[in-house]
Amino acid sequence: MNPNLNLWLIPLLPLAGAAINGFFGKKSSRKAVTTVALFFSGAAFAMALLVAFRFSSLTLPYHEFFAHWIRSGNFTADFSFYLDQLSLVMLLVVTGVGFLIHIYSVGYMWDDPSYYRFFSYLNLFMFFMLTLVLADNYLLMFIGWEGVGLASYLLIGFWFTKDSAASAGKKAFIVNRIGDFGFLIALFLLIKHFGSLNFDRVFGSVMPLGIETAGAGLLTAIGILLMVGACGKSAQIPLYIWLPDAMEGPTPVSALIHAATMVTAGVYMVSRSHVIFQHAPIALTVVAIIGTLTAFFAATIGIAQTDIKKVLAYSTVSQLGYMFMACGAGAFSAGIFHLMTHAFFKGLLFLGAGSVIHAVGGEQDMRKMGGLKSFIPWTFLTMGIATLAIAGIPPLAGFWSKDEILWRAFQASPMYWVIGVITAFITSFYMFRLLYMTFFGDYHGAEVDEHGHGSHGHASHGHDAHGHGSPHESPMVMLVPLMILAVLSLVGGLVGIGNRFETFLAPVFGSAEGAEAASHTTELLLMGVSVAVAFLGWWLAYLLYYKRPELPQRIADSLDGLYEAVVHKYYIDELYAAVFVKPLIDGSTRILWQGVDRNIIDAGVNDAGDAARHASDEVRHMQSGNIRSYAGWVAAGAAAVIAFMIWMGVR
Amino acid sequence: MVPLSYYLLLSGFLFGCGVIGFLIKRNIITIFMSIELMLNGVNLSFVAFAAHWHALSGQVFVFFVMVVAAAEAAVGLAIIIAVYRTRETLNVDQVNLLKL
């Protein structure tokens, strides 16, 4: 029998923090808000560590019933929690990275007037994310799924007085609705055919079914619909457009929600549903193709971006594509492995970017940076590590997970591998481009003065760095999370050596079949290629952005049209605007508003009103105020009643 | 023994007089008297039926009607006096403030 782990506390602790800060934060001091926010997110992390500590003594999967929710006929969906190796990994990533980012935010958001609101939202996000991760049925997962969407909307639009932030929030929310629609339909299909949304029961009923090799069937439909949901949440083609815009939010939000945790919810959901996908090879292929294309496509856009956060945003989309590529290749554990390492190094990159933005006084354009490595050495060091990690330089975290994915993708189809390797090259290139543009060369920015800080909330500093107006290092409260994440990016990949990570997750996904079939030589060869392209990308970035900084402009000029297209993100936003948004707006204006609303609904209501007024205008003459006429009406009425009674009696 | 129909005819005649007076008269007091006439016309039919069927309930009902009529007369006359004091007329055609 399992001991009671009190898993319910893990999501509810941050909820309590969100409620306390949300209701009382306005009147409390910043210190009190900080204490509450850090205590509750830290407590969730501590609980997660406790769970991890006792993990080996559990019989898995561990179920915990918390409260009844829906019981209708045979269908039940309860507030109950589910813990296995997969949820444990997610639990630790979410609470751990989440807690670090909470600490970082204390420094970053200190000067913001809505300090308490920020932490209330951040804790709320943790609550929903943990609900999503720990749910034991799809419906509870969906609650968390929608909840993180809500928290994401609130945090993207955190500076809602800025028009672009408010509309970016709306864009994220609306694009996610499209994905959620697919997810919901998948849930309806599950209820219809399996009568349950409980993971164990659904997968238990799917297991004995045959694999849908010949043509698409029910499971394929469910799988593809689930993938539609995942596309929305995890920013895959064609629904990735919201993520770059989401960079309008505060940088810690980009780190936590739009890099480390929420956007990986789609990967988690697909991995959680691996039983369904394993029975539906077509759906799995769809996942792999979407992932591969997204990885490549987003990486190419990343090359030409000049906003430091936009580069990271497209990089995130691209890396998420890798995770889906892994899932699509059937290597779910590789996907989750990359999810974990990505949370470390991409969280670190975003936090580092926040530190850079903070150092140069709110500037996000990399062309106005440069030469920052001597001003902010710690930020440079940590971001450098993260860049090495994401580029796939051994032995850092990204190398192990990306290599695992590429290896498994190669086994599924060499085509995935080719695109994956090209993407790895581009990734390495744009990340080192970012590093060189930001930290090397000469400083191109304006002198940082006190005024320049006003737009971005961040910590006040004890020292007098503001006096001489040069970029300055962030306070310790921001640097410590950077360093911890840097250490994790350095060593986080080592858990994957010798398939240890895969073995750990094997009870969930089943052991990796076929991995041994291919020869060791091939694996080493492929590994060599991916390392080589990583260094090649590094070298190219070094050449173009350090040695010969005038070259990129010349290349851009010679590639005129193509370069323009990349800078404008292939005009995808414009395409969507023309194909979907504008017809919708026009249709709503012409047909729904001017047509239906004005001419049918409004006109109907107005006509009914007019008719009543005209009728009453006629009838009101009865009401003469003359008592004898009233008496006459009464008498006539009485006579009519009597006549009716007599008629009834006669009949 | 006077047959029942005679009573009923008289009762109907009285009620009809009341209705006609109620409708055509302009003086409030006359209208009021017409109402009393209608009530008593009905009362007559009650007692006539009570005597005919040897049932007391009709007669009891008449007492109720008389009590109510007395109360109504008290209230009604008070209202008439109040109307006269403010409007200085008892012509109902001139008491028409409720008109739209």
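Modeller: Let us begin with S1(A) and S2(A), which form a hairpin with 2 residues between them, and where Gly73(A) in the turn has a positive phi of about 60 degrees. This is a predicted model, in which local features need pLDDT of at least 70 and side-chain atom pairs count only at pLDDT 80 or more, while totals for chains, interfaces and linings use all residues. Residues are numbered from 1 along each chain as its sequence is written, and chains are lettered from A and ligands numbered from 1 in the order in which they are written.

Colleague: How do you know that strand S1 (residues 62-72) of chain A and strand S2 (residues 75-83) of chain A pair?

Modeller: Two strands pair if DSSP finds at least two bridges between them, and here S1(A) and S2(A) are joined over 8 bridges, in the antiparallel sense. The strands themselves are DSSP runs (E, at least two residues), as the helices are (H or I, at least four), and both are numbered from the N terminus; chain A comes to 25 helices and 2 strands.

Colleague: What makes helix H10 (residues 251-260) of chain A largely enclosed by the rest of the structure?

Modeller: A residue is buried if 20 or more other C-beta atoms lie within 10 Å of its own, exposed if 12 or fewer, and partly exposed in between, with C-beta atoms placed from the backbone. In H10(A), 10 of the 10 residues are buried, and the helix is therefore largely enclosed. Among them are Pro252(A), Leu256(A) and His258(A), and what covers the buried residues of H10(A) includes H3, H14 and H15 of chain A. In chain A, buried residues make up 51% of the 651 residues.

Colleague: Why is Asn43(B) called buried?

Modeller: Asn43(B) has 20 C-beta neighbours inside 10 Å, so it counts as buried. This residue is found in helix H2 (residues 28-53) of chain B. Leaving aside its neighbours within four places in sequence, Asn43(B) is in contact (C-beta atoms, placed from the backbone, within 7 Å) with Val62(B) and Val65(B).

Colleague: Why are helix H15 (residues 332-359) of chain A and helix H19 (residues 476-491) of chain A called roughly antiparallel?

Modeller: Angles under 35 degrees count as roughly parallel, over 145 as roughly antiparallel, 65 to 115 as roughly perpendicular and the rest as oblique. H15(A) and H19(A) pack at an angle of about 150 degrees, with their axes 9 Å apart, and they are therefore roughly antiparallel to each other. Their contact includes Phe344(A) and Leu348(A) of H15(A), and Leu482(A) and Leu485(A) of H19(A). The contact residues divide into 10 nonpolar, 4 polar and no charged, where Ala, Val, Leu, Ile, Met, Phe, Trp, Tyr, Cys and Pro count as nonpolar, Asp, Glu, Lys and Arg as charged, and the others, Gly among them, as polar.

Colleague: What makes H3(A) roughly antiparallel to H19(A)?

Modeller: Helix H3 (residues 85-108) of chain A and H19(A) pack at an angle of about 150 degrees, with their axes 7 Å apart, and that angle makes H3(A) roughly antiparallel to H19(A). The contact is made by residues including Ile101(A) and Tyr104(A) of H3(A), with Pro481(A) and Ile484(A) among those of H19(A). By class, the residues of this contact divide into 12 nonpolar, 1 polar and no charged.

Notes. Axes are lines fitted to C-alpha atoms, for helices over the stretch in contact, and angles run from 0 to 180 degrees between N-to-C directions. Two residues are in contact if their C-beta atoms, placed from the backbone, lie within 7 Å.
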